[in-house]
Amino acid sequence: MRIHVETFTIHKRFPLTISRGTTAQTTNVWVRVEADAIEGWGEGSPFSVGETPQTTEAIARQLQQIALALEPLHPLDRQKIERVLQEVQLSSAAHAALDIALLDWLGQKAQLPLWRIWGLNRDRIVPTSVTIGINPPEVAQQRVKDWLQLTCAKALKVKLGSPDGIAADQAMLLAIREVAPPQVKLSIDANGGWSLTDAIKMSQWLEQQGVTYIEQPLRRGQEQDLPKLYERSPLPIFVDESCFTSRDIPALSDRVHGINIKLMKSGGLSEAVRMVHTARACGLQIMFGCYSDSGLLNTAAAQLSPLADHLDLDSHLNLLDGPFSGASLQDGRLLPNDLPGLGVYYAPQS
C-alpha cells in the first residue's frame, strides 16, 4: 500500500474560546491509503491536552516517517500494521488518522458503509449539540441565535470555566437561557476550569437551570477529587481530558457517570469501539466529541454514533471552508450516508 500525507487549513466561522484559550483556525493532516485501486481517507487534527501537545507538524512527520515501513503491507494486514505502529509509539492523533483511513479502505473494499459493517441502527442517533464558547453575555446570546438559524439546533453545549470566575459563568448562562428555546437541551463543558469548591457550587446551581450534565469540571490530573464531586453533584458528571483510551476507564468508573470519546485521543475508530464496550461494562454513559475537526473526522465518528447517549460533533458546522462532505445534518441529527466506507467525498466550500 502507498500512504500519502498532506496538510490543509480550515477557518472557523465563529472563533471558539474555552478555559484554555481561543481558536480561530487550524491546520489538519489528510492521510490517504492506496491499494488495489481503492483509496481510504483519514484525518489528524492537532490538540494540546495531555503531557505533550500533538501538533500538526508532529502528526504529519510521524505519518511520513511510518509510510515507508508500511509500504510492503496490505490494508488487510491489520495485525502486522498494528505491531509496526506499536514499535514506533505513534501519537494518538497520527494513529487515528491512519486507523480511520484503513477502515475507510475496508468499507470501500466490502462496498458497505462502516455503520452497516458494525451492524448499527441510524435511527438510534441522537441530536448533536452545537457549541457556545466563553463570551460576554450579549455575544453568547448572539451565538445562540446564529447557531439556531444555521442548524435548527436541538442541543447546546455551553463552555464555562471562565478565567473571570463562576459569577461570569452564571451571567453568561442566564443570558443564554433568555434566548434559547425551552425545548433545546443544555449541557455544560468547563474544560477543567473549576476548583472542586466551585464545581460543587456550580453543579447545584446548574441543576436549577435545567442543565442535563456537566463535562470535565475539574482539570486533568485532579481525578482524586472527582468522588467528592460525584457524591454532591445532582447532575451527571462526564470526563473528557481525563479519559483518553479504554485503559483509563476502569479507574474512573466509581467517580463519573460517563466519558467523552474523541478520535484524536483514542487513536481512531478501532480503539473507540473498545472504549464503548469497556465503558458499558463499567456502567457508564457514552458521548462522542471533537476538536477542530473537519467533516471527514466527524463523519468517521458518526459511523459509531448510534452507540452514544450524547453527541457533540459540530466542529465542521462552524467552518467557512471545510473541504469534505459526508454525514448530513437532518433535524439536528448528524447521519452517515449509505456510501461505502466513511462515505466522505472532497467538496471544498467556496
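Are Y213 and F238 buried or exposed? Y213 is buried, and F238 is buried as well, where buried means under 20% relative accessible area, exposed over 50% and partly exposed in between, with a 1.4 Å probe and protein chains only.

This is a predicted model, in which local features need pLDDT of at least 70 and side-chain atom pairs count only at pLDDT 80 or more, while totals for chains, interfaces and linings use all residues. Residues are numbered from 1 along each chain as its sequence is written, and side-chain values use heavy atoms, with hydrogens and water left out.

A search of the whole structure finds 10 aromatic pairs; rings of Phe, Tyr and Trp (its six-membered ring) pair if their centres lie within 6.5 Å, and planes under 30 degrees apart count as stacked, over 60 as edge-to-face and the rest as tilted. Two of the pairs are set out here.

| Pair | Centres apart | Planes | Type |
|---|---|---|---|
| F14 and W147 | 6.2 Å | 70° | edge-to-face |
| Y213 and F238 | 4.8 Å | 45° | tilted |

F14 belongs to strand β1 (residues 2–18) and W147 to helix α5 (residues 137–151), so that this pair links distant parts of the chain, 133 residues apart; helices (H or I, at least four residues) and strands (E, at least two) are DSSP runs, numbered from the N terminus. F14 is buried, with a relative accessible area of 13%, and W147 is also buried, at 2% relative accessibility.

Elsewhere, ring pairs link F8, W30, W41, F324 and Y346 into a cluster.
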